[in-house]
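Okay, everyone, thanks for coming. Let me put the structure up, and then we'll walk through it together.

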Amino acid sequence: MNRLEDRYRRVLRLLPRSYRQAWEEDMVATFLLSEQPEDAEDAEFAADYGRPSLPEVASVVALAVRLRLGGDGAPPRYLAWGETVRRLALVGLLVQAVAALAGIGAWLWSPWLTNLVAADQAVDVGALLGLVWVAAYLSLVTGRWRAARLLAALALAQAVVFFGVDLVTVEGAYGLSRTTGLLLDAVPVLALAAFHRQAPPVKARPWLIALPAGVALLTVSLLLTYVTVPALVDWPGVVCVAVFAAAVTYLSVPRLGWRKATVSWSTALALLALAALGQRVVTLLDYLRFAARTAELDIMIAIAVGQATAVLAIAAPLTVLAVKAARTLPTVRTSA
């Protein structure tokens, strides 16, 4: 084995073992043949000093992602991972779309409620640009995956711009919270890679219903909260409550006999709970560092600690359920 062949084999280690066992030799032979110069001296030099090209490495990486985030016909474990990532993308874009529509509603109907939704964005430009998230979500749900990726990337780009403007405006205050929020915004955009040619189509109806239902629930919740304790509401708290409610409902479903729990939903909800917990803890730390200590802040901190505790408590059974179910899945395709 020459050095060039060894380097190709190292790149191919990105692929699942079962796939390598079936196709590694053929792929290596094809790569070497395509890079083989006609001149003997050039061929000898390439064997010692040649390296896989960037397009070849990129193609292997894309194939590895597609195989590990499996679709129809994939081994059960890779199919479960693919479904998990696809659900993270759907839920993430749903959250963004719900927040955008609720923010626009608050801005149009009641200007005095604007700060309740997307408080870190300008109420006019930021609210309108949030519609890009809505378009990305609707494109994903209706099967226009390429358009969804483009729109989601555009929405994330404008979020990065607002992130930079906010950091400059507040001179670095709450930077940890804002950075965490931006990273969480990027997760569903990156997760769209799981929507490839072999991925099963999205069942559009429940996801289309979820959008107006989510907007209605968020709007009503924020209105009720504003009437009672307006200053004690923040976005991480809303997310914690939503994740906790979804997790409790999901864990109750099998016991009620409605539907059997699935590996992908257990894993997705566990990851969402951990993300909500992380964002809650980070914002809590920023409140302690930058906010003026008042009786109102003390109450808000107590509520935030309660939210973090509740989410952590619900994440534990979800994680156990997900790990237990994942261990039963084979990594190779089972014969019918």
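Predicted model: local features only at pLDDT ≥ 70, side-chain atom pairs only at ≥ 80, totals over all residues.

For the cut-offs: rings of Phe, Tyr and Trp (for Trp, its six-membered ring) pair if their centres lie within 6.5 Å, and planes under 30 degrees apart are stacked, over 60 edge-to-face, and the rest tilted. Tyrosine 8 and phenylalanine 31 make a stacked pair, 4.9 Å centre to centre with 5 degrees between the planes. Tyrosine 8 sits in helix 1 (residues 3–12) and phenylalanine 31 in helix 2 (residues 17–34), so this pair ties together parts 23 residues apart in sequence. Helices here are DSSP runs (H or I, at least four residues), strands are E runs of at least two, and both are numbered from the N terminus. Tyrosine 8 and phenylalanine 31 are both buried, where buried means under 20% relative accessible area, exposed over 50%, and partly exposed in between (1.4 Å probe, protein chains only).

Another stacked pair is tryptophan 207 with tryptophan 265, at 6.3 Å centre to centre and 20 degrees between the planes. Tryptophan 207 belongs to helix 10 (residues 204–228) and tryptophan 265 to helix 12, so parts 58 residues apart in sequence are tied together. Tryptophan 207 and tryptophan 265 are buried too. There's also a cluster, with ring pairs linking Tyr174, Tyr287 and Phe290.

Residues are numbered from 1 along each chain as its sequence is written, and side-chain values use heavy atoms, with hydrogens and water left out.

**The overall picture**

The protein has 13 helices and 0 strands. Of its 336 residues, 43% count as buried.

**Charges**

On to salt bridges, meaning a side-chain nitrogen of Lys or Arg within 4 Å of a carboxyl oxygen of Asp or Glu. The structure holds 9 of them. In one, arginine 10 meets aspartate 6 at 3.1 Å, N to O. Those two are 4 residues apart in helix 1, so about one helical turn separates them. Arginine 10 is exposed at 51% relative accessible area, and aspartate 6 is partly exposed at 21%.

Next, glutamate 25 bridges to arginine 9, with the closest N and O atoms 3.0 Å apart. That links distant parts of the chain, since glutamate 25 is in helix 2 and arginine 9 in helix 1, 16 residues apart. Which of the two is buried? Arginine 9 is, at 13% relative accessibility, whereas glutamate 25 is exposed at 51%.

Then arginine 178 and aspartate 166 form a salt bridge at 3.3 Å, N to O. Arginine 178 is in helix 9 (residues 175–191) and aspartate 166 in helix 8 (residues 145–169), so parts 12 residues apart in sequence are tied together. Aspartate 166 counts as buried, at 14% relative accessibility.

**One last residue**

Finally, glutamine 96, which is found in helix 5 (residues 76–109). Glutamine 96 is buried, with a relative accessible area of 16%. Leaving aside neighbours within four places in sequence, glutamine 96 is in contact (heavy atoms within 4.5 Å) with Trp133 and Asp185.
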